[in-house]
Amino acid sequence: MNALRELLYNDILLAGIFSWFVAQVLKTILYAVINKELDLTRLMGDGGMPSAHSATVTAVAVMTGLLCGFNSPLFAVACIVGIIVMHDAMGVRLETGKQAKLLNEMVALFEALGQPKLSIEKKLKEFVGHTPLQVLAGMLLGIVVAVVYYYVM
């Protein structure tokens with residue numbers, strides 16, 4: 001029971017979770033405004049503006065720095081993990097989304113040409129990565145959430 005209480009009062013963990021939640025809500029709202037339709041799956045989905053991955057790892061790193069010191073080994077580890085996550089979001093995951101979009105278009109074209117159904121059971125996820133702007137927006141959101149959380153909570 002003590003471990004659960006420690007988790008519930010872990011400011012670094014809570015700042016990360018709160019930052020992820022804020023990013024997902026903003027992502028859903030922005031998607032609805034741009035596409036003129038509310039898609040609640042965006043609340044849990046990958047990709048889009050802002051990057052929830054970037055917001056989360058940045059909030060964790062900033063909160064770690066605020067609580068443990070910006071010269072602490074824990075802050076260094078949090079920063080390196082954050083850099084890896086954000087780099088991956090803009091690199092491999094962004095390219096994966098582009099490939100999924102192209103493959104989905106190819107499947108639709110083959111089906112439109114009367115070819116038998118291909119073995120893809122459902123459409124591939126196209127929202128998996130982030131543009132540099134989406135990652136930057138997530139990073140800035142993570143900084144803001146961590147600083148506000150630190151000074152308000």
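Author: Serine 51 is buried, with a relative accessible area of 0%. Keep in mind that this is a predicted model.

Reader: Where is the place of serine 51?

Author: Serine 51 sits in the loop between α2 and α3.

Reader: With which residues is serine 51 in contact, leaving aside its neighbours within four places in sequence?

Author: Those residues are Ala23, His130, Gln134, Val135 and Gly138.

Reader: What does the side chain of serine 51 reach at the start of α3?

Author: A side-chain oxygen of serine 51 comes to within 3.5 Å of the backbone nitrogen of histidine 53.

Reader: How many residues does α3 have, and what span does it reach?

Author: Helix α3 covers residues 52-68, which is 17 residues. From its first C-alpha to its last it reaches 24 Å, close to the 24 Å expected at 1.5 Å a residue.

Reader: How should I read the sides of a helix?

Author: Start with the general idea: an α-helix has 3.6 residues a turn, so residues three or four places apart point the same way. Now the case here: the buried residues of α3 are Ala52, Ser54, Ala55, Val57, Thr58, Ala59, Ala61, Val62, Met63, Thr64 and Gly65.

Reader: Against which helices do the buried residues of α3 pack?

Author: They pack against α2 (11-35), α4 (73-90) and α6 (132-152).

Reader: Take α2 and α3: at what angle do their axes cross?

Author: The two axes cross at roughly 150° and come within 8 Å. Angles over 145 degrees count as roughly antiparallel, so α2 is roughly antiparallel to α3. The crossing of α2 and α3 is right-handed.

Reader: Which residues make the contact between α2 and α3?

Author: From α2 they are Asp11, Ile12, Ala15, Gly16, Ser19, Trp20, Ala23, Gln24 and Lys27. From α3 they are Ala52, Ala55, Thr56, Ala59, Val60, Met63, Thr64 and Leu67.

Reader: How do I read a phi value?

Author: As a general idea, most residues other than glycine have a negative phi. In this structure, lysine 36 has a positive phi, near 55°. Just after α3, glycine 69 takes a positive phi of about 105°.

Reader: Where does lysine 36 lie, and is lysine 36 buried or exposed?

Author: Lysine 36 lies in the loop between α2 and α3. The cut-off for exposed is over 50%, so lysine 36, at 72% relative accessibility, counts as exposed. Serine 51 is in the loop between α2 and α3 too, but serine 51 is buried.

How values were computed
Residues are numbered from 1 along each chain as its sequence is written. This is a predicted model: local features need pLDDT of at least 70, side-chain atom pairs count only at pLDDT 80 or more; totals for chains, interfaces and linings use all residues. Side-chain values use heavy atoms; hydrogens and water are left out. Helices (H or I, at least four residues) and strands (E, at least two) are DSSP runs, numbered from the N terminus. The expected span of a helix is 1.5 Å times one less than its number of residues. Buried means under 20% relative accessible area, exposed over 50%, partly exposed in between (1.4 Å probe, protein chains only). Contact means heavy atoms within 4.5 Å. A polar contact is a pair of N or O atoms within 3.5 Å; within protein, one must be able to donate a hydrogen and the other to accept it, and residues adjacent in sequence count only if both atoms are side-chain atoms. Axes are lines fitted to C-alpha atoms, for helices over the stretch in contact, and angles run from 0 to 180 degrees between N-to-C directions. Angles under 35 degrees count as roughly parallel, over 145 as roughly antiparallel, 65 to 115 as roughly perpendicular and the rest as oblique. A crossing is left-handed if the near helix is turned anticlockwise from the far one by less than a right angle, and right-handed if clockwise.
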